[in-house]
Amino acid sequence: MASAAIEPTIDESAIDKVEQTIENTFVQKVVRWVFSAAGITICLTILIAIVASIHKGPYILVNTIITGGMWALMAIGLSLLFSVMNIAGFAHGEYFMAGSLTAYFVMQPIGKYTLDHPESFITYVGPLIAILAGTFMCAILGVITERLVFKQLRIRNREGWLLNCFLITIGLSVIMQNGHQLIFGADFKGILAYWDFPSVPILGVYISMDRVCAFFIAALTMVGFYMFMMFSTAGKTIRAVSQDEEGARMVGISVDAVHIMTFALSCGLAGLAGASLLFMFPSYPTVGVMPLYNSWFIIILVGFGNVAGSIPGGFMIALFQVLTRSYFGEGWEAVIPVLLISLILIFKPSGIFATKVRTVWDQ
Amino acid sequence: MLLEIKSLDSGYGFLQVLWDISLSVDEGEFVALIGPNGAGKSTTLKTISGLLPPQGGEILFAGDSIGGMEGHLVCRKGVAFISEELNLFVNMTVKENLEMGAFTVEDSAKQKENLEFVYELFPRLYERENQYAGTLSGGERKMMAIGRGIMSSPRLMLVDEPSLGLAPMLTNEVFKSLRTLNKRGTTILLVEQNVGKTLKTSSRAYILEKGKIVLDGKSADLANDDHVRKIYLGH
């Protein structure tokens, strides 16, 4: 009898305790995240962006968000290449260039057609076709590079892989830049606008339709990429290979196929960024150098092989450049990020997000 | 014969580890491969599973030659390899790891059935379903690796030192699960250093020393063999 009276009270307190621990762990998780290096930096970035926007005007926030998305796309591709295949890609800017070049050549006839038929639906869809063409062209180029260069190196020599790949990508970059100059010439090949519509006012700033579209393309791609990596079988195999190549082979994943897929994705993303930004960066041989540096800044900032971290990293670097441009003047935006990167490499070489991802290199 | 190895040579580059190894495993058997450190036990399993190309000899699986075939194709044939270092996907959850294990199984009903069987065999994994594999304890990782192997419904399972670094109680549990698996019809080739327990569990055994097979026979006979008793069992 006595035990029956005691039991309910024990149960209740136990339930309370369970509820408390669940609440605690969630709150604790948030608090721990906010006070981690990543949390502090992200919160600080948002804070700085808001303060600067109030001080200098909302264009800072708007510019950051629009360019940040594209740099993030580039960095995601680069990061993926590093975490899956351990390739430090210094030819990534050239895929950006190839993407913009393809988009330019596809956009030429479309632009002519829409001049004659301004009411046709091509006005809306045409630019998308050009951007998609740039993306697919680069994906194909990436696969060709993998088959012709990196696969051959893999078969023949696995020693000093990281350094060899670094040198090879620099060579590739030189070849592609000069190839562009040889075939298409060194002049600027650009367009005035993709979507020739009046600018849209956002927070009192007039933003061209192209920039708005570029932002939405970047955002949709990032969401799509995340979904692909987390929920599709193909994405899971890429993650599996990046975490344990041998293990992936043991469960029957063809590592070769994953490498092709990684290269296609990574180069395709660079091509997408290049094609979507054609209205800002006309295509010429060395157009990819600046985006390449930006994506390397991002990767160093967030830590090697941290694919998800590239997204906040992209916005941080973009904010940093917008800020230096508006507070120190044009030209400084290349100097101050380099200073920041040097400081990070000295004091926190694993990046602010201190990645726990084990790449093939560490194994 | 499910697995037949004929005068296999294997090794790493210039370093030859296995010399003229011949062994065979019949369907449904539980065969052990025992020997001291550095005898080439793990190398044998790696060569069978296609992670290491053989330097000579023949490997036949269910009548087909699989020597020199790439690892992922060997897996598709029905060979699951549970390596010593386990090779888990540490940044994926337990469930995702198991799902990756069933990568070669196309039938989703079969996948589900395998998953249920793994959870039944290792209830601990079910409890930790959504935990990252990297946060599991040593014993749980072993279960995870074996579970991942089961997910591909293999005909032959190669298990490399499941008792390594485990407490005796957990070792018993792992051995018990291997026996359950064997009873369910999976053929097992087990590599072990824990000779006493292995000879009690397996039906047949090979003894590998310095890259050569020196003895083979029924486990019960080997346990009474003078050489084995002196060197491995210590009495």
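A quick definition first: an axis here is a line fitted to C-alpha atoms, for helices over the stretch in contact, and angles run from 0 to 180 degrees between N-to-C directions. Keep in mind that this is a predicted model.

Q: What scores does the model get for ipTM and pTM?
A: It's a predicted model, so scores are a handy place to begin. For chain B, the mean pLDDT is 91, and 100% of its residues reach 70 or more. The model as a whole scores ipTM 0.89 and pTM 0.85.

Q: Are H2(A) and H3(A) parallel, perpendicular or oblique to each other?
A: The axes of H2 (residues 37-56) and H3 (residues 59-85) of chain A come within 7 Å and cross at roughly 135°. Angles of 65 to 115 degrees count as roughly perpendicular, and those over 145 as roughly antiparallel. The pair is therefore oblique.

Q: How many nonpolar, polar and charged residues are in the contact of H2(A) with H3(A)?
A: On the H2(A) side you'll find A:Ala49, A:Ala52, A:Ser53 and A:Lys56, while H3(A) brings A:Ile60, A:Leu61 and A:Thr64. Sorted by class, that contact has 4 nonpolar, 2 polar and 1 charged residues.

Q: Is A:Asn86 buried, exposed or partly exposed?
A: This residue sits in the loop between H3 and helix H4 (92-116) of chain A. A:Asn86 isn't a glycine, yet its phi is positive, about 60°. A residue needs 20 or more C-beta neighbours to be buried. A:Asn86 has 19 inside 10 Å, so it counts as partly exposed.

Q: Where is B:Asp20?
A: Most residues other than glycine have a negative phi. B:Asp20 has a positive one of about 55° and is not a glycine. With 13 other C-beta atoms within 10 Å, B:Asp20 is partly exposed. Its place is in chain B, in strand E2 (residues 15-25).

Q: How many residues of H13(A) are buried?
A: Helix H13 (residues 335-347) of chain A has 13 residues, which should span 18 Å at 1.5 Å a residue; its end C-alpha atoms are 19 Å apart, and that agrees. H13(A) lies largely in the open, because the number of its residues that are buried is 1.

Q: What separates the C-alpha atoms of A:Leu192 and A:Pro282?
A: A:Leu192 is in the loop between helix H6 (161-184) and strand E1 (200-202) of chain A. A:Leu192 counts as exposed, with 8 C-beta neighbours inside 10 Å. A:Leu192 and A:Pro282 are 90 residues apart along the chain, and their C-alpha atoms are separated by 9.3 Å.

Notes:
Residues numbered from 1 in each chain as written. Chains lettered and ligands numbered in written order. Predicted model: local features only at pLDDT ≥ 70, side-chain atom pairs only at ≥ 80, totals over all residues. Helix = DSSP H or I, 4+ residues; strand = E, 2+ residues; numbered from the N terminus. Parallel < 35°, antiparallel > 145°, perpendicular 65-115°, else oblique. Contact = placed C-beta atoms within 7 Å. Nonpolar A, V, L, I, M, F, W, Y, C, P; charged D, E, K, R; others polar. Buried ≥ 20, exposed ≤ 12 C-beta atoms within 10 Å, placed from the backbone. Expected span 1.5 Å × (residues − 1). pLDDT = per-residue confidence, 0-100.
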